[in-house]
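This briefing is for a reader meeting the structure for the first time. Please look at the sequence and the model before reading on.

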Amino acid sequence: MRPARLGPHRAAEPIIEGCLRICGYATIAMVVLIIAFILKEGIPLFRDYPLTGFLFGRSWQPLSATRPAFGILPLLAGSALITLAGTALAVPVAIAAACYIAEVAPQGSRDLLKSGVELLSGVPSIVFGFLGMLIVVPLVKELFGLASGLTALAGAVVLAVMALPLIVTVAEDALRAQPQSYREASLALGASRWDTIVRVLLPAARSGLTAAMMLGVGRILGETMAVMMVTGNAGIIPGSLLVPARALTATIAAEMGETVHYSDHYRALFAIGAVLLVLSLGVNWAAAGLRERGKPR
């Protein structure tokens with residue numbers, strides 16, 4: 001008997017697999033090249049400037065004519081404060097919204113709400129920055145009687161809104177992934193829908209919800225334009241949310257266009273990029289690990 005001829009789809013499978021493999025390797029190569037480029041441009045700073053002074057120095061004065069200082073501790077503190085406050089504001093609202101969309105809303109409303117969340121995720125960050133300047137900054141100034149509303153709190157509020165779509169989407173997926181038998185068993189035992197959500201589904205989806213929170217942290221930590229527009233950009237260690245602060249990302253965006261190429265200032269900005277890269281990769285790896293732990297075996 002003559003061997004059966006392969007269909008066109010079967011014949012194209014090796015080509016498709018090869019293209020997919022090339023795309024995967026190309027993605028990995030691009031990430032490696034980005035990391036290598038950032039390190040190549042940033043590491044030379046530490047030939048003349050100590051690493052401890054860079055990480056723990058309390059003064060960022062790169063343009064000083066007498067003694068430039070490249071201490072990023074105020075910038076790290078500003079980023080940490082804004083990120084933690086933004087996460088604390090976003091996570092409860094996002095998880096509540098995810099619970100409603102996944103477990104309470106009727107099908108028609110659920111589709112509409114999910115579309116709205118996806119639409120919110122597509123709004124450019126510069127638009128959030130403008131809205132923050134027009135709405136959040138004056139509101140913070142009025143509520144707390146401040147001379148200026150450009151504070152860490154304004155940045156936290158704006159970034160919390162920006163992180164909501166990502167956290168809601170991942171949290172809703174985590175809740176929907178729980179077996180239907182959990183819901184049925186809880187309701188059969190006489191628990192209300194609220195008890196089922198709070199006492200059964202949320203604990204069962206804990207790993208996925210934690211991953212959602214970590215991804216929200218990464219989203220807030222990496223934001224640039226919005227945080228630069230509403231936080232005041234003061235290079236000091238903030239003592240509270242009601243004072244101006246400056247984030248790592250905002251420093252790079254504000255100063256990279258004005259620095260002399262291959263100067264110490266230029267190298268310091270790339271070193272800040274390396275710090276941000278390490279922090280972002282750490283957050284993303286932690287989120288990926290938590291999501292893997294939450295998957296059923």
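The model is predicted: local features need pLDDT of at least 70 and side-chain atom pairs count only at pLDDT 80 or more, while totals for chains, interfaces and linings use all residues. Residues are numbered from 1 along each chain as its sequence is written, and side-chain values use heavy atoms, with hydrogens and water left out.

**Nonpolar cores**
- A nonpolar core is a set of buried Ala, Val, Leu, Ile, Met, Phe, Trp, Tyr and Cys residues joined through side-chain atoms within 4.5 Å; buried means under 20% relative accessible area, exposed over 50% and partly exposed in between, with a 1.4 Å probe and protein chains only.
- The largest nonpolar core has 48 residues, of which Val158, Leu159, Ile167 and Leu175 touch the most other members.
- Helices supplying at least two residues each to this core include H3 (73-104), H6 (152-176) and H9 (206-221); helices here are DSSP runs (H or I, at least four residues), numbered from the N terminus.
- H6 gives the largest share of this core, 15 residues.
- Apart from this core lies another, of 16 residues, among them Phe54, Trp60, Ala268 and Val275.
- Beyond its neighbours within four places in sequence, Leu175 is in contact (heavy atoms within 4.5 Å) with Ala98, Cys99, Ala102, Glu103, Arg183, Leu201, Leu202 and Ala205.

**Helix H9 and Thr83**
- H9 is largely enclosed by the rest of the structure, because 12 of its 16 residues are buried.
- Among the buried residues of H9 are Val217, Ile220 and Leu221.
- Thr83 belongs to helix H3 and is buried, with a relative accessible area of 8%.
- Leaving aside neighbours within four places in sequence, Thr83 is in contact with Val217, Ile220 and Leu221.

**The cavity**
- A cavity is a set of points, on a 1 Å grid over the protein atoms alone, where a 1.4 Å probe fits but cannot get out; lining residues have an atom within 4 Å of a point.
- The count comes to 1 cavity of 30 Å³ or more.
- The largest cavity has a volume of about 50 Å³, and its lining includes Thr83, Leu159, Ile220 and Leu221.
- H3, H9 and helix H11 (248-255) are the elements that give two or more residues to this lining.
- H3 gives the largest share of the lining, 3 residues.

Methods
1 Å grid on protein atoms, 1.4 Å probe; cavity = no way out; pocket = protein on both sides within 12 Å on 5 of 7 lines; lining within 4 Å. Points joined across faces, edges and corners; volume = space filled by probe spheres on them.
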